[in-house]
Amino acid sequence: DVQRLSLLVGDIYDAAIEPGAWPVALAGTAKFVGGPAAALFSKNATSRTGSVAYDAGVDPYYRRIYFEQYIKLDPATTGHFFADVEEPVATADLIPYDEFLQTRFYREWARPQHLVDFISATLDKSTTSAAMFGVFRHERDGVVTDETRARMRLVVPHVRRAVLIGRLMDMRSTEAAAFADTLDGIAAGMFLVDALGRIVH
C-alpha cells in the first residue's frame with residue numbers, strides 16, 4: 001500500500017500540471033480509498049447549484065441529473081459547508097443513516113446506482129461556495145469505515161495541494177497571456193530581452 005500510495009500521489013501531482021490527467025488520478029484515488037468513483041466538484045450554498053470539474057467512474061446521466069435536480073434534495077449539501085477543510089465526512093456524519101435511507105434523494109438517485117455512502121472532504125470554501133473531493137461507496141464496498149477515513153486522510157492533502165497548484169498555474173498562464181497580448185498590441189517594433197541580452201519576446 002505504501003508503494004501504491006506513492007504512485008497515486010505522483011498521479012495526483014501530475015494532474016496539477018496536466019489537468020487532462022485528473023480522471024486517471026481520481027480513478028486511482030477511488031480504488032485506494034475504496035469505491036468505484038470519485039469526483040472534484042463545487043457547490044453553491046445560496047443557489048443550491050454546483051458543477052463537476054473532473055470525475056472518474058461517475059455515470060454521465062446521474063451526474064447530469066444530480067446537478068440539474070437532485071443537488072437541491074441532497075441532505076448532505078448543507079453539512080458540507082460546515083465541514084472543516086481536509087476533514088473526511090461520511091453521510092452518517094451529516095444525517096442519521098436510517099433517515100438518509102428514507103430520503104427521496106437516496107431512493108431516486110443513490111439506490112438505482114447501488115450507492116450506499118459517500119465520503120468527501122472540503123478543499124476550499126467561502127461563505128457561499130465550497131470546492132470538494134469525494135469518493136462514492138457501492139453496495140459491495142459497504143458504508144464508510146475507520147479504514148476508509150484513514151485512507152481518505154492520506155490522499156486529501158495531496159488532492160488539495162494539487163488543485164491549488166493547478167489554480168495558481170492557470171492564473172499565471174492567464175497573466176502571462178495577457179502580458180504578451182499587451183506587448184503584441186504595441187504599434188512600434190520591440191524586443192524584450194533578459195539580463196544577458198537574450199530575446200524572450
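## The β1-β2 hairpin

Arg48 takes a positive phi near 55 degrees in the hairpin of β1 and β2, where four residues sit between the strands. Helices and strands here are DSSP runs, numbered from the N terminus (H or I of at least four residues for helices, E of at least two for strands). This is a predicted model, in which local features need pLDDT of at least 70, side-chain atom pairs count only at pLDDT 80 or more, and totals for chains, interfaces and linings use all residues. Residues are numbered from 1 along each chain as its sequence is written, and side-chain values use heavy atoms, with hydrogens and water left out.

Strand β1 covers residues 37-44 and pairs with β2 in the antiparallel sense over seven bridges; two strands count as paired if DSSP finds at least two bridges between them. To pick out two of those contacts on screen, look for Ala38 with its bridge partner Ala56 in β2, and Ser42 with Ser51 in β2.

## The sheet

Now zoom out to the sheet. It is open, has four strands in the order β2-β1-β4-β3, and pairs them antiparallel. Strands β2 (49-56) and β3 (115-125) are at the edges with a single partner strand each, so one side of each has no neighbour in the sheet. From one strand to the next, the twist averages 25 degrees.

On the β4 side, eight bridges join β1 to β4, again running antiparallel, and Phe41 has Met132 of β4 as its bridge partner. Strand β1 is largely enclosed by the rest of the structure, because six of its eight residues are buried (buried means under 20% relative accessible area, exposed over 50%, partly exposed in between, with a 1.4 Å probe and protein chains only).

## Helices across the strands

The chain has eight helices and four strands, following the pattern α-α-β-β-α-α-α-α-α-β-β-α along the sequence. Helix α2 (residues 22-33) lies across β1, β2, β3 and β4 (129-138), at about 85 degrees to β2. Helix α3 (residues 60-68) lies across β1 and β2, at about 160 degrees to β2. For these angles, axes are lines fitted to C-alpha atoms, for helices over the stretch in contact, and values run from 0 to 180 degrees between N-to-C directions; contact means heavy atoms within 4.5 Å.

The largest nonpolar core has 27 residues, and Trp22, Phe133, Val135 and Met152 touch the most other members. At least two residues of this core come from each of α1 (2-17), α2, β1, β3, β4 and α8 (146-184). There's also a second, separate core of 22 residues, with Ala37, Val58, Ile71 and Leu115 among them. A nonpolar core, by the way, is a set of buried Ala, Val, Leu, Ile, Met, Phe, Trp, Tyr and Cys residues joined through side-chain atoms within 4.5 Å.

Most residues other than glycine have a negative phi. Glu86, not a glycine, has a positive phi of about 75 degrees; Glu86 is in the loop between α4 (77-82) and α5 (91-94) and is partly exposed at 26% relative accessibility. His114, also not a glycine, has a positive phi of about 65 degrees. His114 is found in the loop between α7 (104-110) and β3, and its 39% relative accessibility makes it partly exposed.

## Whole-chain numbers

Buried residues make up 39% of the 201 in the chain. Along the principal axes, the C-alpha atoms fill a box of roughly 70 × 40 × 30 Å.
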